[in-house]
Amino acid sequence: MIAFVIRRLLQGVVVMLVVGFIAFSLFNFVGDPVALMLPPEATQADRQAMRESLGLDRPFMVQFATFVGHAVQGNFGISLRLGRPVSALLAERLPATLELAIVAAALALLVGIPMGVYTGLKRNAWFSRFLLTASLIGVSLPTFLIGIFLILIFAVWLGWLPSFGRGDTVMVGPWSTGLLTASGLKALILPSITLGLFQLTLIMRLVRAEMLEVLRTDYIKFARARGLTNRAIHFGHALRNTLVPVITITGLQLGAIIAFAIITETVFQWPGMGLLFIQAVQFADIPVMAAYLCLIGFIFVVINLAVDLLYYFVDPRLRIDRAQAGGH
Amino acid sequence: MSEASRPLLEVRNLRVEFTTRRGTLTAIDDVSLAIAPGEVLGVVGESGAGKSITGSAIIGLIEPPGRIAGGEILLDGQRIDNLPAEAMRRIRGRQIGAIFQDPLTSLNPLYTVGRQLVETIQTHLAMNAAQAREHAVGLLKEVGIPAAERRIDHYPHQFSGGMRQRVVIALALCANPRLVIADEPTTALDVSIQAQIIQLLKRLCREHGTAVMLVTHDMGVIAETADRVAVMYAGRLVEVGPVQEVIHQPRHPYTEGLMASIPAIGQDVEKLPQIEGSMPRLDAIPKGCAFNPRCPKAFARCREERPELMAAGATCAACWLHAG
């Protein structure tokens, strides 16, 4: 178990180094930063002095090592567009994105799993057929279109919910939250539905397919033959066996939710990291882009580690215990 | 039935049909059999003869699109084939236990064997958790699991195939049912383990007075274990009788073929006799006796008229050779 965690952590470090390398390479794609920073009339000597003061004359690997060293301490430099430390900008925006992503993921799980179980058990009921057909819409409609439809219906026509922004936020320590105010909660509804709908339908269809698969297995047949109640069979035996693939997909999708939040945040002008990133792209604000890339990479690595650890709790076959295994 | 007492289980004219896109297939056709309390009835036949479906029909677990299309099933003289789902559930495990072919896949991999035992015990018997656990440990000891107190908290993957089948037997017997349907209980096991499991099943059922319907295609197992044997072919019973009679003096040509194809030790044969051809598919069962195209003794009547079971010596056989 501990060896497994250490191995996974080392793999995570390797992944982060690769992501960091790509992020670092961004700086070299947009031309010479010295040319951007100095006025056009600067002399060759000025350029050379600037280059030396920034450390740009040093070998590539040394520069990369310096970048990594700073990045580990959370120092990604100064935003070219806003002139403030990138880490401070991201820290301001992170709560908005995480709240949106977590509410969207919770919505997807809390609605998607029961719907998947229902449609798996009542395969032929008209309501499950309806859900299954309706879920195709969620899977196939692009996120921004769903967002625009929701704004049209609930903000423009009905006027029930705000069409943009986060509403009022409250500071809880360094974390600005919209979950504690009525306007913050109202503002969260449309973006989280927009962001979570695809995941919801995906999880529903996945749970349904897994349920159908598991219900055909011998141990479910044997559970029926032992006279267990349907409730015990469906929820105690079948559902738990569908969880491993559900956890895998949910983990990957949580990363995707945070990354896809870019589109939803743009549609709803949600003041999160995604919006910051889009604006950074428009202004070629490389430090912000590089930091965003590293942060998203880091989130993916952490989620994958958490998913692997969850497997251990769900599936005893993965808890390799050599002292007990294979006894006759 | 030769027994004076009422049979524990009686199947009368059972018919099971499968509705498919290409029409209705009859998987079980007019099967009648009875099992006395404590009796071991062997059911033999080739794959697809309908042995397992008969077992599933008795415990009310035929998977759609299959359904019981006719006949009745009686337990203690009470019909159970038309019971509501909830009433039938209470009979499964409590009155009729079941053991399936593959012990490797019969147990839920995510729960300890103890949890699965306790869950089943508490479903059927009024016991609290501690009593149920104690009962479960006792059962595991009874089926020959060493260090049962410790092993009860292990997961199925920590047991070998033979040990898992012992756990499955403990699960099937945990509410002390009066009948156990054992569907090929040893087929998936190593040959060296098979005899142990059969002996265990036989001993436990004798001790508890449990009747057994032993579905298998292994005549050796039948010869060793069963009191009576029923031979199935293409969804019908072709011969029923006491096990020694059926083995040594089979009356139906199909049973004769089955017995001839079992090699005997010390018998030096060049080639093992086999029944020519193969069992007909369900949608192509021939007119008359289903066995007639493969039967060496078939005559005109066999191709026209379907024989019912009729007395033939000490057994009953569905064969025109024994008519009149």
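**View 1. The contact between chain B and chain A.** The contact is made by 27 residues of chain B and 22 residues of chain A, two residues being in contact if their C-beta atoms, placed from the backbone, lie within 7 Å. On the side of chain B that touches chain A, the elements giving two or more residues are helices H2 (85-91), H3 (103-106), H4 (113-124) and H7 (161-173) of chain B. H4(B) gives the most, with 4 residues. By class, this side of chain B has 10 nonpolar, 11 polar and 6 charged residues. Ala, Val, Leu, Ile, Met, Phe, Trp, Tyr, Cys and Pro count as nonpolar, Asp, Glu, Lys and Arg as charged, and the others, Gly among them, as polar.

This is a predicted model, in which local features need pLDDT of at least 70 and side-chain atom pairs count only at pLDDT 80 or more, while totals for chains, interfaces and linings use all residues. Residues are numbered from 1 along each chain as its sequence is written, and chains are lettered from A and ligands numbered from 1 in the order in which they are written.

**View 2. Chain B as a whole.** Chain B has 12 helices and 12 strands; helices (H or I, at least four residues) and strands (E, at least two) are DSSP runs, numbered from the N terminus. Of the 324 residues in chain B, 47% are buried, that is, with 20 or more other C-beta atoms within 10 Å of their own, C-beta atoms being placed from the backbone. The C-alpha atoms of chain B fill a box of roughly 65 × 50 × 45 Å along the principal axes.

**View 3. The crossing of helices H1 and H4 in chain A.** The axes of H1(A) (residues 2-29) and H4(A) (residues 60-72) come within 10 Å and cross at roughly 115°. Axes are lines fitted to C-alpha atoms, for helices over the stretch in contact, and angles run from 0 to 180 degrees between N-to-C directions. The two helices are therefore roughly perpendicular to each other, the term for angles of 65 to 115 degrees. A:Gly20, A:Phe21 and A:Phe24 in H1(A) meet A:Phe64, A:Phe67, A:Val68 and A:Ala71 in H4(A). This contact has 6 nonpolar, 1 polar and no charged residues.

**View 4. Helix H11 of chain A.** In H11(A) (residues 273-282), the residues A:Met273, A:Gly274, A:Leu275, A:Leu276, A:Phe277 and A:Ala280 are buried. Their cover includes helices H5 (86-121), H10 (230-267) and H12 (286-314) of chain A. A:Ala284, which follows H11(A), has a positive phi, near 50°.

Notes: A residue is buried if 20 or more other C-beta atoms lie within 10 Å of its own, exposed if 12 or fewer, and partly exposed in between; C-beta atoms are placed from the backbone. Angles under 35 degrees count as roughly parallel, over 145 as roughly antiparallel, 65 to 115 as roughly perpendicular and the rest as oblique.
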